[in-house]
Amino acid sequence: MSNFIDFGAAKKLKEMNENQNRITQLFQVKYPIIQGGMIWHSGWRLASAVSNNGGLGLIGSASMYPDILRENIQKCKAATDKPFGVNIALLYPNLEEIINIILEEKVKIVFTSAGSPKAYTETLQKEGIKVAHVVSSTKFAMKCEDAGVDAIVAEGFEAGGHNGRDETTTFCLIPNVKQHISKPLIAAGGIALGSQMKAAMILGADGVQVGSRFAATVEASSHENWKNKLISLNEGDTHLTLKELAPVRMVKNKFFHDLEKLYDQGRDAEVLKETLGRARAKRGMFEGDLEEGELEIGQVSALIHEILPVEKVFENLLKEFRDASVMEL
């Protein structure tokens, strides 16, 4: 008996070429490509550019005070007539205020992460908002299905930023999640090329969420120092750390090595928290301090060598997707 599991890859690839599948239909976009709502990168310029090029742009609310989030939403509305959304990290402060702003500004799509999918899904859906939730394991994907979300983002630990504790890779996570859920599935973590996008869809995903590739774009709101550092990274230049607080993948810079020295002395969460301090990520990615700042990026950064406009990123992704061959044995 064959162990092959047919996830309908041929059908999904045909749908992709015809610009319609479960993700494009759900979010009313041309391509099943979602830009990750990354802190200090994903302002209105990036989100609107992605949406204008046929994907789904997300404003990353986690690095914004509520008034700044409102301003970004309003500017994004002015810059695109296409669908866009807001990413909300449920562990961050000012959550009620952020939810109220989203409702007041009539945002139509919300991606939630770092918390229970039950927290605000019903509240948002009652207002006609489509809700996707980000998870790092099959167990939590099943909880999302029970919570009634509209789509599930399964993110492998290759991804940059805050991450899952189980260190499950995208290649293992996506087919396993697919066997346990019926909701539209979005793959995330380690996707920067069109060939990787095709691989994710062959494994069972209906679309992809891309972070690191969009971090290295002209429209990303991060500092030029950081963008130039990002495109110079090689394999092994990032590492998942700070599991005692909240796991995060970051570049091995001076700040990272200072944390590693603390690990040599023990795993005291309070000492780690004190060293982390406040605004380390802002210092690194937004202000451009490459030594003392926290620099969050995925392993796939080793495949990113140019800072490009979003339009060119889409052109490359779609060409690579269509050119990638699936070998017949």
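1. A187 stands opposite V208 in strand 9, and the chain crosses from strand 8 through helix 9 (residues 194-202) to strand 9 in a β-α-β crossover that is right-handed. A crossover is given this name if, with the strands pointing away from the viewer, the path from the first strand over the helix to the second runs clockwise. Helices (H or I, at least four residues) and strands (E, at least two) are DSSP runs, numbered from the N terminus.

2. This is a predicted model, in which local features need pLDDT of at least 70 and side-chain atom pairs count only at pLDDT 80 or more, while totals for chains, interfaces and linings use all residues. Residues are numbered from 1 along each chain as its sequence is written, and side-chain values use heavy atoms, with hydrogens and water left out.

3. Strand 8 (residues 185-188) and strand 9 run parallel and are joined by three bridges, where two strands are said to pair if DSSP finds at least two bridges between them. Strand 1 also pairs with strand 9 in the parallel sense, over three bridges, and I34 has Q209 as its bridge partner in strand 9.

4. A separate point concerns an open sheet of three strands in the order 7-11-10, with antiparallel pairing. Strand 7 (161-162) and strand 10 (238-241) stand at its edges with a single partner strand each, so one side of each is left without a neighbour in the sheet. Strand 10 and strand 11 (residues 248-251) pair over four bridges in the antiparallel sense, and H239 stands opposite M250 in strand 11.

5. In helix 15, the buried residues are V310, V313, F314, L317, L318 and F321. Seen down the axis of helix 15, its buried residues fall within an arc of 125 degrees, so they line one face of the helix; the arc is that of the directions from the helix axis to the C-beta atoms. On the other side of helix 15, E311, K319 and D323 are exposed.

6. For aromatic pairs, the rings of Phe, Tyr and Trp (its six-membered ring) pair if their centres lie within 6.5 Å, and planes under 30 degrees apart count as stacked, over 60 as edge-to-face and the rest as tilted. By this rule the count comes to four aromatic pairs. One of them joins Y31 and F314, whose ring centres are 6.4 Å apart and whose planes stand at 40 degrees, so the pair is tilted. This pair links distant parts of the chain, with Y31 in the loop between helix 2 (22-27) and strand 1 (33-35) and F314 in helix 15 (residues 310-323), 283 residues apart. Y31 counts as buried at 8% relative accessibility, as does F314 at 2%.

7. W40 and F286 form a tilted aromatic pair, 5.0 Å centre to centre with 40 degrees between the planes. W40 lies in the loop between strand 1 and helix 3 (44-52) and F286 in helix 14 (residues 280-286), so the pair ties together parts that are 246 residues apart in sequence. W40 counts as buried at 17% relative accessibility, whereas F286 counts as partly exposed at 36%.

Definitions and conventions
Buried < 20%, exposed > 50% of the residue type's maximum accessible area, 1.4 Å probe, protein only.
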